[in-house]
Amino acid sequence: MPSPFPGMDPYLEGPNFWPEVHSRLMIEIADLLVPQLRPKYRVAIEKRVYESAANDSLLVGIPDVVVQRRPLAPQQDSNVAVAAPPTQKPLPVEVPMRMEFREAYLEVREMATGEVVTAIEVLSPANKRAGKGREMYEEKRSRILASRTHLVEIDLLRGGEPMPVLGNDVEAHYRILVSRGDRRPYADLYLFNLPEIIPTFPLPLRSGDKEPMIDLTQLLNHLYNRAGYDFVIDYQTEPIPALAESEAAWVDAQLREQGIRE
């Protein structure tokens, strides 16, 4: 069964599903491209690994890690004596910890030379929030944009701060950037919103080579069906991140029309 939405399913963006969706989408894109690109190119699935301190903002999107803040004690007035800490019983506290994060991305490499021709990135929540994840991704992005390697950057997340581009003042829920190494600083930016079908776009390759078209709507519907998300997503609840009032009304009408929401 496909997703009940014509384009991006906002429920897939939630922390309980997005890490799995991200991994599955990487495989779907690779499986689409490999038969069309060989024998000249290969598609490699790579991983970016980094460590960062555990905190609430970074751990959104990691469902098996829960961080809770202990409520603070009421502030004492400066002229009121403060009781001495207990000497016999330990005080429960939390210590800062480092956590390892792994982010998958794709590289299209020329078979003969091993040179990276195109990098394909699907952004994660950590890439769109201040912190180590964004810093590392922005460093890599800058290196690619300063090279001849093509960049395809897919942002299917409504939350967080979009990656910077120049010459665009249009806001949209989602975006796809196709930056060709031989056309920079110019690039193609595909913008689309929740009710819309995701635009198809070409995968840039070497000049003169036939470029495959990537249809993310089709790929997302395929992984949605294979993962059985129609059985596990509770469409009676609201998606995360929360929707604006008009968007929530559209989602509600869409689900009721298909008999999914009562």
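A residue counts as buried when its relative accessible area is under 20%. Keep that cut-off in mind as you meet this predicted model, a protein chain of 262 residues of which 40% count as buried.

**The overall layout**
- The protein chain contains six helices and eight strands.
- If you read along the sequence, these elements come in the pattern α-β-α-β-β-α-β-β-β-β-β-α-α-α.
- Among contacts in the chain with a separation of 6 or more, 69% join residues 24 or more positions apart.

**A pair of strands**
- Strand β3 spans residues 116-122 and is mostly covered, with six of its seven residues buried.
- Its partner here is strand β4, residues 150-155, and the two pair in the parallel sense over five bridges.
- To find one of these links, look at Glu-121, whose bridge partner in β4 is Glu-153.
- As a general point, side chains in a regular strand alternate between the two faces of the sheet.

**A closer look at Thr-217**
- You will find Thr-217 in helix α4, which covers residues 216-227.
- Is Thr-217 buried or exposed? Thr-217 has a relative accessible area of 11%, and because the cut-off for buried is under 20%, Thr-217 counts as buried.
- Without counting residues up to four places away in sequence, Thr-217 touches Pro-6, Gly-7, Ile-197 and Ile-198.

**The cavity**
- Rolling a probe the size of a water molecule over the atoms shows where empty space is left.
- The count comes to one cavity of 30 Å³ or more, and the largest cavity has a volume of about 30 Å³.
- Its lining consists of Ser-3, Gly-7, Met-8, Asp-9, Leu-12, Leu-220, Asn-221 and Tyr-224.
- By class, four of these lining residues are nonpolar, three are polar and one is charged.

- How much space lies in the second largest pocket? The second largest pocket holds about 370 Å³.
- This pocket is lined by 14 residues, and the closest to its centre are Val-165, Leu-166, Leu-177, Pro-185 and Ala-187.
- Helix α3 (132-145) and strand β5 (174-179) each supply at least two residues of the lining.
- The pocket lining divides into nine nonpolar, three polar and two charged residues.

Notes:
Residues are numbered from 1 along each chain as its sequence is written. This is a predicted model: local features need pLDDT of at least 70, side-chain atom pairs count only at pLDDT 80 or more; totals for chains, interfaces and linings use all residues. Side-chain values use heavy atoms; hydrogens and water are left out. Helices (H or I, at least four residues) and strands (E, at least two) are DSSP runs, numbered from the N terminus. Buried means under 20% relative accessible area, exposed over 50%, partly exposed in between (1.4 Å probe, protein chains only). Contact means heavy atoms within 4.5 Å. On a 1 Å grid over the protein atoms alone, a cavity is a set of points where a 1.4 Å probe fits but cannot get out, and a pocket is an open set with protein on both sides within 12 Å along at least five of seven lines; lining residues have an atom within 4 Å of a point. Grid points are joined across faces, edges and corners, and a volume is the space filled by probe spheres set on the points. Ala, Val, Leu, Ile, Met, Phe, Trp, Tyr, Cys and Pro count as nonpolar, Asp, Glu, Lys and Arg as charged, and the others, Gly among them, as polar. Two strands pair if DSSP finds at least two bridges between them.
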